[in-house]
Amino acid sequence: MKLLEHQGKALFQKYGIKIPNGELLKNAQAEMSLDFPVVLKSQVLSGERKKKKGIIIVEKHEDFRQNLEKLFLQEIDGSLPESILVEERIDFEKELYVSLSYDTDYRKPVLALSLVGGTGIEGATLVPIDVMKGLPDDMAQESLSKAHIPSTFQLSETIQNLWKMFQAEQALLVEINPLFELKDGTFVAGDAKVVLDDNVVDPQLRPFIDLGGDIAILASGGGASMLNLDILMREGGRPANYVEYSGNPPASVVEELTLKVLSRPNLKGCWVIGGTANFTDVAETMLGFVQGLRKLQSKPAYPIVIRRDGPKRKEGFEMLEKAKQEEGYDFHLYGPETSMAESAKIIVRLAYGNPH
Amino acid sequence: MAILIDSSTKALVQGITGKEGSRAAREMIAYGTNVLAGVTPGKGGQTTEEGVPVFNTVKEALAQFPDINTSLIVVPAQFVLGAAMESMEAKIPLVNIITEKVPISHVAKMIAFARTNNITLVGPSSIGILSPKKSKVGSIGSAGLADIIFSPGHVGVVSKSGGMTAELSRILTEAGIGQSTVVGIGGDLLIGYTFEDAGLAFEQDPETKAIVIFGEVGGTYEECFAKAMGEGRIRKPVVALIAGQFSEQLPQDTVLGHAGAIVTKGRGSAASKIDALRKAGALIANTPEEIPILLKPFLL
């Protein structure tokens, strides 16, 4: 779960990392008490707010209201800000880059450091961290020296505090970019990018991505679902969504996903796709699918191609056949004798018609 | 021969009285795996329907069954770290974690401990491991499917996706191509056993003549495997199928099916993986059905 800048900065403060004086404004009429110049920062999740006009420096009081109103109406990557963070502008000597994340080459947390703030992790020096030892002062000092950054007590302390936060909050990423160094040698976090572990904060989360097309997809298995989207697009299909259920979910979960996926307008087909399951109860998940279909506002008239294999496929397919008879659904059922790729061809042909 | 597990495997199941744990144990036994004991804290002294004794701790299980050499972990996500540490501290050399959604900070700790103590940790989010006709550990090939879709032979299969282990093995078996061992390594950001680890093990396994890998967008494990090929540490023929090319059209940082599928620093994309593997000499399949066709010349 990605946090907004002000949420990330609240965590920084909790762990003793300094942040600029600031206030969170919930609407364009809100008052604030900071001294000018100030920086207005749109609270959206996009990473490139500067480029996308999400950050405005306001020099004097007269310009404040107008710029605040403007920023509240400025869409960034399709979303309006949740709020505007207003902060005193920082007079800094230097800008650094500091982050902690997990690296798949080392399979460890890595501290990324760079003397060039404002850029990204590219070009930063990566220092792997032994989770048994953590990041005590001597390791922090050593890491800074590896990155050719002059080590000071304050900087080492900031990095150690960031490590404490990374561990305690079970974050996947904590990034300060830029980290301002002030004249007096203190360090202030100019920005905050924090990603928390969904396995901790929201284990029930299922990824759902709107892909804008007209073939609805209900896929099982993380790997198979991605492979099948690749194959469908290669065959000329336009996927409406990305979603998948893994493991062995109860019918209710599949029912809910079915409703979500098939509730969008202008669908031309539905593709229920999976490989040979190891332990997913196919009868149970297909029951969930049919329950979802029955709850839809309008009965789907478009073709529905189902390709599935695994435990209790026979029972599941008998139930599907019955629902087809009873409800008149345009089901096309396939087992392992038809490849996933072949079933992609079939749904594309049925959904879009033969191009003769 | 095979890798990781074979007929000498003697398994412990941690979480044996739970719904998934008891099913996994039952199906492992049905496939012929030697399941010596189970552990569920507070349920020591019980016996499962299949006659497997249940202990409160790993230590107690080992005291009675010192031959245990593999532990399967099927406990709720928040208890995985404790369960894995228990079996690793007891020096069980192979630990396979089936549980999904384990906090990544916990996984990092388990990996660090496994490395310093020379323990093979497979998972989390692994579907399990299967060496056809010898042994299986985990949820791989349940409900009698194992006898139909897996067959003994000379191709090592390693996959992030659990579902695809079964789909690929079925396609290979139907094409008359058997498997030496099929390993589900899981698709998390951090995993205990990587494509490279599996590749190096298959390289040493005289039974394995070729390797199939199923990879996905995100992480750099496929790139590391390609590097090992490039350096000559993996020399056997490799056929790879990489999923997630469609995601190149999505905004960066979009997390897909598996937690590990985050694209970073130019590496990690499906295109980067395919490119690295192809340059290292792997053959790239576009669909599962292409895999047996690409493999056939190496198995004559």
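1. Let's start with one residue pair: Leu40(A) sits opposite Ile56(A), which belongs to strand E3(A). Strands here are DSSP runs of E with at least two residues, helices are runs of H or I with at least four, and both are numbered from the N terminus. Strand E2 of chain A, residues 38–42, runs antiparallel to E3(A), and 4 bridges join them. For two strands to pair, DSSP has to find at least two bridges between them.

2. Before going on, keep in mind that this is a predicted model, where local features need pLDDT of at least 70, side-chain atom pairs count only at pLDDT 80 or more, and totals for chains, interfaces and linings use all residues. Residues are numbered from 1 along each chain as its sequence is written, while chains are lettered from A and ligands numbered from 1 in the order in which they are written.

3. Back to those strands. They are part of an open, antiparallel sheet of 4 strands in chain A, ordered E1-E4-E2-E3. At the edges you'll find E1 (22–25) and E3 (55–58) of chain A, each pairing on one side only. Neighbouring strands of the sheet are turned by 20° against each other on average, direction ignored; the axes behind such angles are lines fitted to C-alpha atoms (for helices, over the stretch in contact), and angles run from 0 to 180 degrees between N-to-C directions.

4. Now chain A as a whole, with its 10 helices and 16 strands. Its radius of gyration is 26 Å, well over the 21 Å that the globule rule gives for 356 residues, so chain A is more spread out than a compact globule. (That radius is taken over C-alpha atoms, and the rule is 2.2 Å times the number of residues to the power 0.38.) Along the principal axes, the C-alpha atoms fill a box of roughly 80 × 50 × 40 Å.

5. How is chain A divided into domains? The assignment, automatic or from a database, gives domain 1 (21–88), domain 2 (94–200) and domain 3 (208–352). The centres of domains 1 and 2 of chain A, taken over C-alpha atoms, are 27 Å apart.

6. Chain B has 10 helices and 13 strands. Its radius of gyration, 19 Å, is close to the 19 Å from the globule rule for 300 residues, so chain B is as compact as a globular protein of that length. Its C-alpha trace spans about 55 × 40 × 30 Å along the principal axes.

7. What about burial? In chain B, 60% of the 300 residues count as buried; in chain A, 45% of the 356 do. A residue is buried if 20 or more other C-beta atoms, placed from the backbone, lie within 10 Å of its own, exposed if 12 or fewer, and partly exposed in between.

8. Where the chains meet, 54 residues of chain B are in contact with 46 of chain A, contact being C-beta atoms, placed from the backbone, within 7 Å. H6(B) gives the largest share of chain B's side, 7 residues. By class, that side has 27 nonpolar, 18 polar and 9 charged residues. Ala, Val, Leu, Ile, Met, Phe, Trp, Tyr, Cys and Pro count as nonpolar, Asp, Glu, Lys and Arg as charged, and the others, Gly among them, as polar.

9. One last pair to look at: helix H7 (residues 195–204) of chain B and H8(B) have axes that come within 8 Å and cross at roughly 35°. Among the residues making this contact are Phe195(B) and Leu200(B) of H7(B), and Tyr221(B) and Phe225(B) of H8(B).

Methods
Contact = placed C-beta atoms within 7 Å.
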